[in-house]
Amino acid sequence: MSLLFLRCSRGLHTSSRGIDRKVSHYALKDVVHNYVITNKKQIEDKNLTVYHLVHQKTGAQHLHIDCSDMNNVFMITFKTSPVNSTGVAHILEHTTLCGSKKFPIRDPFFNMMKRSLQTYMNAWTGPDYTSYLFSTLNEKDFENLLDVYLDAVFFPNLDRYDFLQEGHRLEFQNTEDLNSPLQFQGVVFNEMKGSMSNSSSFF
């Protein structure tokens, strides 16, 4: 499994945020929370330092961006190389956020949007990867969202009915008339139909 964590702004240890924050000063091969720092790069024009860390036991990669931005940002990314054109990675991205072991409610994602102090919250599927990400200015909110996101991606319910809703299904064109023609429906199906009808996306 190829896995990447991205975390911005917050120090690898708790530190103040913003312009007056304590800048992290870690060196190559330092061990922080069982992660080894394998690369470090200063990006002067952006006033930030990027650390690449690898977990000693699992090999999971962690990219930490130490900067003055007040947002606490987290992203977890999985390599999801396609083997066909069914859109299974995109469907899994949607169904993953339809409840998990610790949070078995129907749609924790949209419930969080209403109750959280988040400044950004989303998930997306690229050509060969799937990412789940959020940002917030509030540290407690960060911990709460992190708890929900990690449980969602590692312990999703993946219910059959969620696949039918999010993926694709056959439905009568007129639900009142069982003799009406069948048509494909589904959240991801309609998203991709809309995306592929845009010529620049298609090409």
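**Salt bridges and strands**

Analyst: The term stands for a side-chain nitrogen of Lys or Arg within 4 Å of a carboxyl oxygen of Asp or Glu. Keep in mind that this is a predicted model, where local features need pLDDT of at least 70, side-chain atom pairs count only at pLDDT 80 or more, and totals for chains, interfaces and linings use all residues. Residues are numbered from 1 along each chain as its sequence is written, and side-chain values use heavy atoms, with hydrogens and water left out.

User: Is R169 buried or exposed, or something in between?

Analyst: In between: R169 is partly exposed at a relative accessible area of 27%, and E171 is partly exposed too, at 25%. The cut-offs are under 20% for buried and over 50% for exposed, with partly exposed in between, using a 1.4 Å probe and protein chains only.

User: How many salt bridges does a search of the whole structure find?

Analyst: Two. D147 is partly exposed, with 33% relative accessibility.

User: What does K101 touch, leaving out residues up to four places away in sequence?

Analyst: D151, F155 and N157, where a contact means heavy atoms within 4.5 Å. K101 is in the loop between α1 and α2 (108-115) and is exposed, with a relative accessible area of 64%. Its C-alpha is 7.7 Å from that of A152, although the two residues are 51 apart along the chain.

User: OK, zooming out. How many helices and strands does the chain have?

Analyst: Six helices and ten strands. These are DSSP runs numbered from the N terminus: H or I with at least four residues for helices, E with at least two for strands. Buried residues make up 38% of the 203 in the chain. Looking at contacts with a separation of 6 or more, 55% come from residues 24 or more positions apart.

User: How many residues of strand β6 are buried?

Analyst: Six of the eight in β6 (residues 72-79), so the strand is largely enclosed by the rest of the structure. It pairs with β8 (residues 129-136) in the antiparallel sense over eight bridges; two strands count as paired if DSSP finds at least two bridges between them. K79 is opposite Y129 in β8.

User: And how many residues lie between β2 and β3 in their hairpin?

Analyst: Two, and H33 in that turn has a positive phi of about 50 degrees. Strands β2 (residues 31-32) and β3 (residues 35-43) run antiparallel, joined by two bridges, and V31 has V36 as its bridge partner in β3. β3 goes on to form a hairpin with β4, this time with four residues between them and N47 in the turn at a positive phi of about 55 degrees. Eight bridges join β3 to β4 (residues 48-55), again antiparallel, with K40 partnered to Y51 in β4.

User: Which residues form a nonpolar patch on the surface?

Analyst: V88, L92 and L158, with about 210 Å² of accessible area together. Patch residues have over 30% relative accessible area and no salt bridge; like charges are joined within 9 Å, nonpolar side chains (Val, Leu, Ile, Met, Phe, Trp, Tyr) within 5 Å. V88 is in helix α1 (residues 88-96) and is partly exposed at 45%.

User: Last one: where does Q185 lie?

Analyst: In strand β10 (residues 182-185), and Q185 is buried at 18% relative accessibility. Leaving aside neighbours within four places in sequence, Q185 is in contact with G167, H168, R169, E171 and N190. Q185 and L170 are 6.2 Å apart, C-alpha to C-alpha, and 15 residues apart in sequence.

How values were computed
Accessible areas come from the Shrake-Rupley method with a 1.4 Å probe; for residues, only the protein chains shown count as cover.
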